[in-house]
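Me: I would like to learn how to read a structure like this one, step by step. Could we go through a few of its features together?

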Amino acid sequence: MARLDDDMLVCRCEEVTVGEIREAIAQGAFDVVGVKRRTRAGMGLCQGRTCEKLVQQIISQELGVGPHETGSSSVRPPVRPISYGALAEGEF
Amino acid sequence: MLKTELLVVGAGPAGLAAAIEAKKGGVKDLLLVDLNMRPGGQLFKQIHKFFGSKAHRAGIRGIDIGTQMLEEAKELGIDIWLNTACVGLFDDKIACLEKGQPDGSTKIVYVQPEKIILATGGQENVVRFKGWTTPGVMGAGAAQTMINVNRVQPGQKIVMLGTGNVGLIVSYQLMQAGCEVVALVEAAPKIGGYGVHASKISRAGVPIFTKHTIKEVKGNGPNGRVSEVVIVELDEKWNPIEGTEKTFEADTVTLAAGLKPVSDLVKLQDIELVFNGPFGGWVPTHTRDMESTCPGIYVAGDTTGVEEANTALEEGRLAGISAAQSLGYMKDADAEALKDEIWDRLAGLRMGPFGEKRAVAKKELMDAFPEVARG
(Lines give C-alpha, C1' and ligand atoms only; values in the text may rest on other atoms or scores of the structure.)
Protein backbone atom coordinates (compact mmCIF):
# COMPACT_ATOMS: atom_id res chain seq x y z
CA MET A 1 0.00 0.00 0.00
CA ALA A 2 1.19 3.49 -0.77
CA ARG A 3 2.12 5.67 2.17
CA LEU A 4 -0.53 8.29 2.91
CA ASP A 5 0.30 11.98 3.00
CA ASP A 6 0.53 13.43 6.50
CA ASP A 7 -1.89 16.26 5.71
CA MET A 8 -4.76 13.97 4.66
CA LEU A 9 -7.86 14.26 6.86
CA VAL A 10 -8.94 11.10 8.66
CA CYS A 11 -11.51 12.26 11.22
CA ARG A 12 -13.44 14.99 9.51
CA CYS A 13 -15.63 15.81 12.54
CA GLU A 14 -12.61 16.72 14.68
CA GLU A 15 -10.30 17.55 11.75
CA VAL A 16 -7.58 15.08 12.66
CA THR A 17 -4.95 14.30 10.00
CA VAL A 18 -2.92 11.20 9.16
CA GLY A 19 0.17 12.99 10.52
CA GLU A 20 -1.46 13.60 13.91
CA ILE A 21 -2.47 9.96 14.12
CA ARG A 22 1.07 8.85 13.25
CA GLU A 23 2.36 11.14 15.98
CA ALA A 24 -0.07 9.59 18.50
CA ILE A 25 1.17 6.13 17.50
CA ALA A 26 4.78 7.29 17.89
CA GLN A 27 3.83 8.46 21.39
CA GLY A 28 2.66 4.97 22.25
CA ALA A 29 -0.93 4.63 21.06
CA PHE A 30 -1.45 1.09 19.77
CA ASP A 31 -5.22 0.91 19.35
CA VAL A 32 -8.23 2.97 18.28
CA VAL A 33 -8.99 4.10 21.82
CA GLY A 34 -5.37 5.18 22.40
CA VAL A 35 -5.44 7.29 19.23
CA LYS A 36 -8.83 8.73 20.22
CA ARG A 37 -7.59 9.83 23.66
CA ARG A 38 -4.59 11.60 22.18
CA THR A 39 -6.10 13.19 19.07
CA ARG A 40 -9.92 13.30 19.54
CA ALA A 41 -10.28 11.23 16.32
CA GLY A 42 -13.71 9.61 16.67
CA MET A 43 -15.01 11.97 19.35
CA GLY A 44 -17.02 14.25 17.08
CA LEU A 45 -20.55 14.33 15.75
CA CYS A 46 -20.42 10.93 14.05
CA GLN A 47 -18.64 9.26 16.99
CA GLY A 48 -16.13 7.53 14.77
CA ARG A 49 -18.66 5.87 12.48
CA THR A 50 -16.75 7.17 9.46
CA CYS A 51 -13.12 7.19 10.59
CA GLU A 52 -12.85 4.14 12.87
CA LYS A 53 -11.81 1.83 10.03
CA LEU A 54 -9.40 4.43 8.64
CA VAL A 55 -7.73 4.75 12.05
CA GLN A 56 -7.54 0.95 12.27
CA GLN A 57 -5.85 0.83 8.85
CA ILE A 58 -3.25 3.43 9.82
CA ILE A 59 -2.42 1.66 13.10
CA SER A 60 -2.24 -1.62 11.22
CA GLN A 61 0.19 -0.12 8.66
CA GLU A 62 2.35 1.77 11.15
CA LEU A 63 2.74 -1.05 13.66
CA GLY A 64 2.54 -3.97 11.23
CA VAL A 65 -0.29 -5.65 13.12
CA GLY A 66 -3.49 -7.32 11.90
CA PRO A 67 -6.81 -5.43 11.85
CA HIS A 68 -8.11 -7.48 14.79
CA GLU A 69 -5.22 -6.21 16.93
CA THR A 70 -6.08 -2.53 16.46
CA GLY A 71 -9.12 -2.58 18.76
CA SER A 72 -12.36 -0.76 18.14
CA SER A 73 -13.88 2.47 19.36
CA SER A 74 -15.41 2.68 22.83
CA VAL A 75 -19.03 3.83 23.05
CA ARG A 76 -20.93 5.92 25.58
CA PRO A 77 -24.54 7.06 25.70
CA PRO A 78 -26.03 8.98 24.02
CA VAL A 79 -24.82 7.15 20.91
CA ARG A 80 -26.32 9.85 18.72
CA PRO A 81 -26.33 13.59 19.40
CA ILE A 82 -29.38 14.75 21.36
CA SER A 83 -30.22 18.22 22.61
CA TYR A 84 -29.86 19.19 26.26
CA GLY A 85 -33.48 20.31 26.12
CA ALA A 86 -34.74 16.86 25.11
CA LEU A 87 -32.52 15.23 27.70
CA ALA A 88 -33.68 17.55 30.50
CA GLU A 89 -37.35 17.00 29.72
CA GLY A 90 -37.03 13.21 29.60
CA GLU A 91 -39.01 11.38 32.26
CA PHE A 92 -37.43 8.36 33.83
CA MET B 1 -41.16 4.34 32.82
CA LEU B 2 -42.80 2.52 29.95
CA LYS B 3 -42.74 -1.29 30.19
CA THR B 4 -43.05 -3.67 27.30
CA GLU B 5 -42.43 -7.34 26.61
CA LEU B 6 -40.24 -6.85 23.58
CA LEU B 7 -38.36 -3.93 22.09
CA VAL B 8 -37.03 -4.29 18.54
CA VAL B 9 -34.48 -1.68 17.49
CA GLY B 10 -34.33 -1.16 13.73
CA ALA B 11 -37.18 -1.71 11.27
CA GLY B 12 -35.17 -2.95 8.31
CA PRO B 13 -35.63 -6.50 6.98
CA ALA B 14 -34.26 -8.10 10.18
CA GLY B 15 -36.19 -5.96 12.66
CA LEU B 16 -39.44 -6.08 10.70
CA ALA B 17 -39.23 -9.86 10.33
CA ALA B 18 -38.42 -10.20 14.03
CA ALA B 19 -41.41 -8.10 15.06
CA ILE B 20 -43.75 -9.95 12.70
CA GLU B 21 -42.68 -13.40 13.93
CA ALA B 22 -42.78 -12.36 17.58
CA LYS B 23 -46.30 -10.99 17.15
CA LYS B 24 -47.43 -14.10 15.27
CA GLY B 25 -45.86 -16.17 18.03
CA GLY B 26 -48.14 -14.50 20.55
CA VAL B 27 -46.18 -11.59 22.02
CA LYS B 28 -48.79 -9.02 23.01
CA ASP B 29 -46.81 -6.01 23.98
CA LEU B 30 -44.20 -5.16 21.37
CA LEU B 31 -42.52 -1.95 20.30
CA LEU B 32 -40.55 -1.54 17.07
CA VAL B 33 -38.46 1.63 16.66
CA ASP B 34 -36.51 3.04 13.73
CA LEU B 35 -34.58 6.25 13.39
CA ASN B 36 -35.66 6.87 9.82
CA MET B 37 -38.87 8.52 8.66
CA ARG B 38 -39.93 5.32 6.91
CA PRO B 39 -39.57 1.70 7.98
CA GLY B 40 -38.07 -0.95 5.68
CA GLY B 41 -34.40 -0.12 5.99
CA GLN B 42 -32.64 -0.41 2.65
CA LEU B 43 -35.35 -2.57 1.06
CA PHE B 44 -37.13 0.38 -0.52
CA LYS B 45 -34.12 1.42 -2.57
CA GLN B 46 -33.59 -2.10 -3.90
CA ILE B 47 -35.56 -1.79 -7.11
CA HIS B 48 -33.67 -4.70 -8.70
CA LYS B 49 -34.74 -8.33 -8.57
CA PHE B 50 -33.03 -10.51 -5.98
CA PHE B 51 -31.03 -13.46 -7.22
CA GLY B 52 -30.78 -17.00 -5.89
CA SER B 53 -33.43 -19.70 -5.77
CA LYS B 54 -37.22 -19.39 -5.54
CA ALA B 55 -37.21 -20.22 -1.83
CA HIS B 56 -35.16 -17.12 -1.34
CA ARG B 57 -37.48 -14.76 -3.12
CA ALA B 58 -35.33 -14.66 -6.24
CA GLY B 59 -36.93 -12.55 -8.92
CA ILE B 60 -38.72 -10.40 -6.36
CA ARG B 61 -37.64 -6.81 -5.91
CA GLY B 62 -36.54 -5.56 -2.49
CA ILE B 63 -39.09 -2.78 -2.67
CA ASP B 64 -41.90 -5.35 -3.03
CA ILE B 65 -40.62 -7.42 -0.10
CA GLY B 66 -40.62 -4.23 1.97
CA THR B 67 -44.19 -3.40 0.97
CA GLN B 68 -45.36 -6.96 1.80
CA MET B 69 -43.71 -6.83 5.19
CA LEU B 70 -45.14 -3.44 6.06
CA GLU B 71 -48.62 -4.65 5.16
CA GLU B 72 -48.16 -7.71 7.33
CA ALA B 73 -46.90 -5.59 10.22
CA LYS B 74 -49.91 -3.31 9.85
CA GLU B 75 -52.37 -6.22 9.80
CA LEU B 76 -50.79 -7.60 12.95
CA GLY B 77 -51.12 -4.22 14.62
CA ILE B 78 -47.41 -3.78 15.31
CA ASP B 79 -46.60 -0.48 16.95
CA ILE B 80 -43.79 1.26 15.02
CA TRP B 81 -42.21 4.46 16.31
CA LEU B 82 -40.46 6.24 13.47
CA ASN B 83 -37.89 9.05 13.66
CA THR B 84 -36.93 7.35 16.89
CA ALA B 85 -33.33 6.58 17.80
CA CYS B 86 -32.30 4.28 20.61
CA VAL B 87 -29.54 6.44 22.10
CA GLY B 88 -28.73 4.41 25.18
CA LEU B 89 -29.03 0.93 26.68
CA PHE B 90 -28.50 0.62 30.41
CA ASP B 91 -28.50 -2.12 33.03
CA ASP B 92 -31.70 -4.08 33.62
CA LYS B 93 -32.54 -3.61 29.93
CA ILE B 94 -33.53 0.04 30.22
CA ALA B 95 -33.49 1.66 26.79
CA CYS B 96 -33.36 5.39 26.24
CA LEU B 97 -35.30 6.39 23.13
CA GLU B 98 -35.28 9.75 21.47
CA LYS B 99 -38.81 9.66 20.10
CA GLY B 100 -39.70 11.79 17.09
CA GLN B 101 -42.77 13.97 17.53
CA PRO B 102 -45.21 14.96 14.78
CA ASP B 103 -43.95 18.57 14.92
CA GLY B 104 -40.38 17.45 14.19
CA SER B 105 -39.12 17.86 17.74
CA THR B 106 -37.99 14.94 19.85
CA LYS B 107 -38.74 13.66 23.31
CA ILE B 108 -36.73 11.34 25.51
CA VAL B 109 -38.65 8.23 26.56
CA TYR B 110 -37.29 5.41 28.72
CA VAL B 111 -38.55 1.90 28.06
CA GLN B 112 -37.90 -1.26 30.00
CA PRO B 113 -38.62 -4.33 27.90
CA GLU B 114 -38.25 -7.93 29.06
CA LYS B 115 -36.43 -8.83 25.85
CA ILE B 116 -34.58 -6.76 23.27
CA ILE B 117 -33.78 -7.50 19.63
CA LEU B 118 -31.02 -5.35 18.14
CA ALA B 119 -31.24 -5.11 14.37
CA THR B 120 -29.36 -1.90 13.76
CA GLY B 121 -27.94 -2.86 10.39
CA GLY B 122 -24.73 -1.87 8.70
CA GLN B 123 -23.00 1.21 7.49
CA GLU B 124 -20.91 2.02 4.43
CA ASN B 125 -17.13 2.00 4.58
CA VAL B 126 -15.20 4.98 3.34
CA VAL B 127 -11.97 4.87 1.36
CA ARG B 128 -9.22 7.40 1.81
CA PHE B 129 -7.38 9.01 -1.08
CA LYS B 130 -6.22 12.54 -1.61
CA GLY B 131 -9.36 14.67 -1.64
CA TRP B 132 -11.74 12.05 -0.15
CA THR B 133 -13.53 14.74 1.86
CA THR B 134 -14.32 16.81 -1.25
CA PRO B 135 -18.05 17.56 -1.66
CA GLY B 136 -19.45 15.10 -4.19
CA VAL B 137 -17.67 12.05 -2.74
CA MET B 138 -20.27 9.78 -1.15
CA GLY B 139 -21.19 6.20 -0.43
CA ALA B 140 -22.68 4.19 -3.29
CA GLY B 141 -25.57 3.31 -0.98
CA ALA B 142 -26.21 6.99 -0.32
CA ALA B 143 -26.30 7.66 -4.06
CA GLN B 144 -28.73 4.74 -4.44
CA THR B 145 -31.02 6.22 -1.80
CA MET B 146 -30.93 9.56 -3.60
CA ILE B 147 -31.99 8.15 -6.97
CA ASN B 148 -34.37 5.37 -5.94
CA VAL B 149 -36.03 6.79 -2.84
CA ASN B 150 -35.66 10.56 -3.09
CA ARG B 151 -35.56 10.76 -6.91
CA VAL B 152 -32.64 13.17 -6.94
CA GLN B 153 -29.52 12.77 -9.06
CA PRO B 154 -26.39 12.88 -6.91
CA GLY B 155 -24.51 14.43 -9.85
CA GLN B 156 -24.12 14.31 -13.62
CA LYS B 157 -20.83 12.53 -14.21
CA ILE B 158 -19.93 9.77 -11.81
CA VAL B 159 -16.89 7.62 -11.06
CA MET B 160 -17.70 4.45 -9.08
CA LEU B 161 -15.02 2.93 -6.87
CA GLY B 162 -15.63 -0.78 -6.25
CA THR B 163 -17.16 -3.49 -8.43
CA GLY B 164 -18.85 -5.73 -5.90
CA ASN B 165 -22.55 -6.23 -6.52
CA VAL B 166 -23.37 -2.90 -4.86
CA GLY B 167 -20.92 -1.05 -7.12
CA LEU B 168 -22.23 -2.78 -10.23
CA ILE B 169 -25.94 -2.54 -9.47
CA VAL B 170 -25.81 1.06 -8.31
CA SER B 171 -23.76 2.05 -11.39
CA TYR B 172 -26.44 0.62 -13.62
CA GLN B 173 -29.23 2.25 -11.63
CA LEU B 174 -27.42 5.60 -11.81
CA MET B 175 -27.39 5.22 -15.59
CA GLN B 176 -31.11 4.39 -15.52
CA ALA B 177 -31.64 7.54 -13.46
CA GLY B 178 -30.05 9.61 -16.21
CA CYS B 179 -26.56 10.08 -14.78
CA GLU B 180 -23.45 9.45 -16.82
CA VAL B 181 -21.19 6.84 -15.24
CA VAL B 182 -17.74 7.73 -16.53
CA ALA B 183 -15.83 4.71 -15.20
CA LEU B 184 -15.77 1.96 -12.59
CA VAL B 185 -12.53 1.43 -10.69
CA GLU B 186 -11.54 -1.78 -8.92
CA ALA B 187 -8.31 -2.44 -7.01
CA ALA B 188 -8.54 -6.23 -7.34
CA PRO B 189 -7.43 -7.98 -10.54
CA LYS B 190 -11.01 -8.95 -11.35
CA ILE B 191 -14.54 -7.70 -10.96
CA GLY B 192 -15.99 -8.48 -7.53
CA GLY B 193 -19.69 -8.97 -8.29
CA TYR B 194 -21.75 -11.14 -10.61
CA GLY B 195 -20.77 -11.22 -14.27
CA VAL B 196 -24.36 -10.65 -15.35
CA HIS B 197 -24.37 -7.21 -13.72
CA ALA B 198 -20.93 -6.32 -15.06
CA SER B 199 -21.88 -7.18 -18.64
CA LYS B 200 -24.86 -4.82 -18.51
CA ILE B 201 -22.43 -2.03 -17.74
CA SER B 202 -19.86 -3.07 -20.32
CA ARG B 203 -22.57 -3.35 -22.97
CA ALA B 204 -23.48 0.26 -22.29
CA GLY B 205 -19.89 1.18 -23.14
CA VAL B 206 -18.77 2.13 -19.63
CA PRO B 207 -15.15 1.14 -18.95
CA ILE B 208 -14.27 -0.95 -15.88
CA PHE B 209 -10.67 -0.50 -14.72
CA THR B 210 -9.48 -3.46 -12.63
CA LYS B 211 -6.11 -3.27 -10.80
CA HIS B 212 -6.71 0.48 -10.48
CA THR B 213 -7.55 2.82 -7.66
CA ILE B 214 -8.33 6.50 -7.18
CA LYS B 215 -5.16 8.48 -6.63
CA GLU B 216 -6.71 11.89 -6.19
CA VAL B 217 -9.96 13.76 -6.43
CA LYS B 218 -9.69 17.43 -7.34
CA GLY B 219 -12.29 19.83 -6.03
CA ASN B 220 -12.28 22.75 -8.46
CA GLY B 221 -15.99 22.56 -9.23
CA PRO B 222 -18.70 24.97 -7.98
CA ASN B 223 -18.39 25.45 -4.19
CA GLY B 224 -15.33 23.23 -4.14
CA ARG B 225 -17.14 20.26 -5.59
CA VAL B 226 -15.42 17.34 -7.31
CA SER B 227 -14.13 18.38 -10.75
CA GLU B 228 -11.65 15.68 -11.73
CA VAL B 229 -10.78 12.15 -10.68
CA VAL B 230 -7.29 10.77 -11.20
CA ILE B 231 -6.97 6.99 -11.23
CA VAL B 232 -3.78 4.94 -11.25
CA GLU B 233 -2.84 1.34 -11.98
CA LEU B 234 -1.69 -0.91 -9.13
CA ASP B 235 1.10 -3.50 -9.15
CA GLU B 236 0.90 -6.96 -7.51
CA LYS B 237 1.64 -5.44 -4.11
CA TRP B 238 -1.14 -2.85 -4.47
CA ASN B 239 1.36 -0.05 -5.02
CA PRO B 240 0.50 2.64 -7.59
CA ILE B 241 2.56 2.45 -10.77
CA GLU B 242 3.84 5.91 -11.58
CA GLY B 243 3.08 7.19 -15.05
CA THR B 244 -0.13 5.16 -15.44
CA GLU B 245 -2.44 7.96 -14.26
CA LYS B 246 -5.64 8.68 -16.14
CA THR B 247 -7.82 11.72 -15.45
CA PHE B 248 -11.60 11.83 -15.80
CA GLU B 249 -13.86 14.82 -15.67
CA ALA B 250 -16.53 14.08 -13.06
CA ASP B 251 -18.59 15.83 -10.38
CA THR B 252 -19.33 12.81 -8.18
CA VAL B 253 -17.42 9.85 -6.77
CA THR B 254 -19.36 6.97 -5.26
CA LEU B 255 -17.62 4.52 -2.94
CA ALA B 256 -18.74 0.90 -2.95
CA ALA B 257 -16.18 -0.51 -0.54
CA GLY B 258 -18.36 -2.72 1.56
CA LEU B 259 -20.13 -2.19 4.84
CA LYS B 260 -19.46 -2.62 8.50
CA PRO B 261 -21.89 -3.61 11.23
CA VAL B 262 -23.39 -0.83 13.35
CA SER B 263 -22.32 -1.97 16.79
CA ASP B 264 -22.76 1.01 19.12
CA LEU B 265 -25.70 -0.45 21.06
CA VAL B 266 -24.18 -3.91 21.38
CA LYS B 267 -21.03 -2.29 22.73
CA LEU B 268 -23.03 -0.36 25.33
CA GLN B 269 -24.37 -3.59 26.75
CA ASP B 270 -20.98 -5.29 27.09
CA ILE B 271 -22.14 -7.95 24.68
CA GLU B 272 -19.11 -10.00 23.67
CA LEU B 273 -17.84 -9.25 20.18
CA VAL B 274 -15.59 -11.35 17.99
CA PHE B 275 -13.44 -10.05 15.13
CA ASN B 276 -14.64 -11.47 11.86
CA GLY B 277 -13.07 -10.15 8.64
CA PRO B 278 -15.65 -11.33 6.09
CA PHE B 279 -18.48 -9.93 8.24
CA GLY B 280 -16.96 -6.43 8.37
CA GLY B 281 -15.11 -6.31 11.69
CA TRP B 282 -16.24 -6.74 15.29
CA VAL B 283 -19.56 -8.54 15.57
CA PRO B 284 -21.53 -10.03 18.47
CA THR B 285 -21.32 -13.80 18.79
CA HIS B 286 -24.69 -15.49 19.26
CA THR B 287 -26.50 -18.78 19.74
CA ARG B 288 -28.77 -20.69 17.37
CA ASP B 289 -31.57 -18.55 18.86
CA MET B 290 -29.71 -15.35 17.90
CA GLU B 291 -29.27 -14.58 21.59
CA SER B 292 -26.12 -12.61 22.41
CA THR B 293 -23.89 -13.24 25.42
CA CYS B 294 -26.23 -10.88 27.31
CA PRO B 295 -29.26 -13.04 28.22
CA GLY B 296 -32.50 -11.70 26.76
CA ILE B 297 -30.77 -9.52 24.17
CA TYR B 298 -30.94 -10.88 20.64
CA VAL B 299 -29.10 -9.71 17.53
CA ALA B 300 -30.05 -10.12 13.87
CA GLY B 301 -29.10 -8.96 10.40
CA ASP B 302 -26.07 -6.89 9.46
CA THR B 303 -25.45 -6.06 13.13
CA THR B 304 -24.15 -9.64 13.47
CA GLY B 305 -22.14 -9.54 10.24
CA VAL B 306 -22.75 -7.83 6.93
CA GLU B 307 -24.62 -10.10 4.53
CA GLU B 308 -27.72 -9.27 2.51
CA ALA B 309 -31.44 -8.61 2.89
CA ASN B 310 -32.58 -12.24 2.74
CA THR B 311 -30.22 -13.50 5.43
CA ALA B 312 -31.11 -10.48 7.57
CA LEU B 313 -34.76 -11.32 7.19
CA GLU B 314 -34.28 -14.97 8.19
CA GLU B 315 -32.12 -14.04 11.16
CA GLY B 316 -34.78 -11.58 12.22
CA ARG B 317 -37.35 -14.36 12.11
CA LEU B 318 -35.14 -16.55 14.29
CA ALA B 319 -34.77 -13.77 16.85
CA GLY B 320 -38.51 -13.01 16.86
CA ILE B 321 -39.46 -16.67 17.34
CA SER B 322 -36.83 -17.12 20.06
CA ALA B 323 -38.08 -14.05 21.92
CA ALA B 324 -41.69 -15.26 21.75
CA GLN B 325 -40.57 -18.70 22.95
CA SER B 326 -38.58 -17.36 25.88
CA LEU B 327 -41.45 -15.09 26.89
CA GLY B 328 -43.53 -18.27 27.19
CA TYR B 329 -45.80 -17.70 24.23
CA MET B 330 -44.65 -20.56 22.04
CA LYS B 331 -44.31 -24.27 22.78
CA ASP B 332 -40.67 -25.32 22.58
CA ALA B 333 -41.41 -28.02 20.00
CA ASP B 334 -43.24 -25.58 17.71
CA ALA B 335 -40.58 -22.92 18.01
CA GLU B 336 -37.75 -25.40 17.41
CA ALA B 337 -39.46 -26.81 14.30
CA LEU B 338 -39.80 -23.31 12.84
CA LYS B 339 -36.21 -22.47 13.66
CA ASP B 340 -34.98 -25.69 12.01
CA GLU B 341 -36.74 -24.67 8.81
CA ILE B 342 -35.18 -21.22 8.93
CA TRP B 343 -31.69 -22.59 9.53
CA ASP B 344 -32.17 -24.84 6.49
CA ARG B 345 -33.09 -21.80 4.40
CA LEU B 346 -30.12 -19.88 5.77
CA ALA B 347 -27.81 -22.75 4.79
CA GLY B 348 -29.25 -22.45 1.28
CA LEU B 349 -28.59 -18.72 1.24
CA ARG B 350 -25.00 -19.22 2.34
CA MET B 351 -24.02 -21.38 -0.62
CA GLY B 352 -22.23 -20.77 -3.90
CA PRO B 353 -19.15 -18.70 -4.63
CA PHE B 354 -20.44 -15.68 -2.68
CA GLY B 355 -22.22 -17.50 0.11
CA GLU B 356 -19.64 -20.09 1.14
CA LYS B 357 -17.36 -17.56 2.80
CA ARG B 358 -20.29 -16.28 4.80
CA ALA B 359 -21.23 -19.80 5.87
CA VAL B 360 -17.70 -20.28 7.24
CA ALA B 361 -17.73 -16.85 8.87
CA LYS B 362 -21.07 -17.52 10.57
CA LYS B 363 -19.88 -20.88 11.85
CA GLU B 364 -16.73 -19.31 13.30
CA LEU B 365 -18.76 -16.55 14.91
CA MET B 366 -21.19 -18.97 16.54
CA ASP B 367 -18.48 -21.47 17.51
CA ALA B 368 -16.82 -18.70 19.52
CA PHE B 369 -19.92 -18.30 21.72
CA PRO B 370 -19.29 -20.86 24.50
CA GLU B 371 -15.72 -19.73 25.09
CA VAL B 372 -16.46 -16.01 24.88
CA ALA B 373 -19.59 -16.28 27.03
CA ARG B 374 -17.55 -17.97 29.79
CA GLY B 375 -15.18 -15.02 29.58
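Predicted model: local features only at pLDDT ≥ 70, side-chain atom pairs only at ≥ 80, totals over all residues.

Me: In what order do the five strands of the open sheet in chain B lie?

Reply: Reading across the sheet, the order is β8-β15-β9-β10-β11 of chain B, and the pairing is parallel. The edge strands, β8 (137-139) and β11 (208-210) of chain B, each pair on one side only, and the twist from one strand to the next averages 20°.

Me: Which helix packs on this sheet?

Reply: Helix α4 of chain B, residues 165-176, packs there and touches β9, β10 and β15 of chain B, while its direction makes about 170° with that of β10(B).

Me: How should I read the place where the chains touch, and how many residues of chain B are in contact with chain A?

Reply: In general, the size of an interface is often given as the accessible area lost when the parts come together. Here we can count residues instead: 27 residues of chain B are in contact with 24 residues of chain A.

Me: Why do the buried residues of α2(A) line one face of the helix?

Reply: The buried residues are A:V32, A:V35, A:K36 and A:T39, and, seen down the axis of α2(A), they fall within an arc of 100°, so they line one face. These residues pack against β2, α1 and α3 of chain A.

Key. Residues numbered from 1 in each chain as written. Chains lettered and ligands numbered in written order. Pairing = 2+ DSSP bridges. Helix = DSSP H or I, 4+ residues; strand = E, 2+ residues; numbered from the N terminus. Axes fitted to C-alpha atoms, helices over the stretch in contact; angles between N-to-C directions. Contact = placed C-beta atoms within 7 Å. Buried ≥ 20, exposed ≤ 12 C-beta atoms within 10 Å, placed from the backbone. Arc of directions from axis to C-beta.
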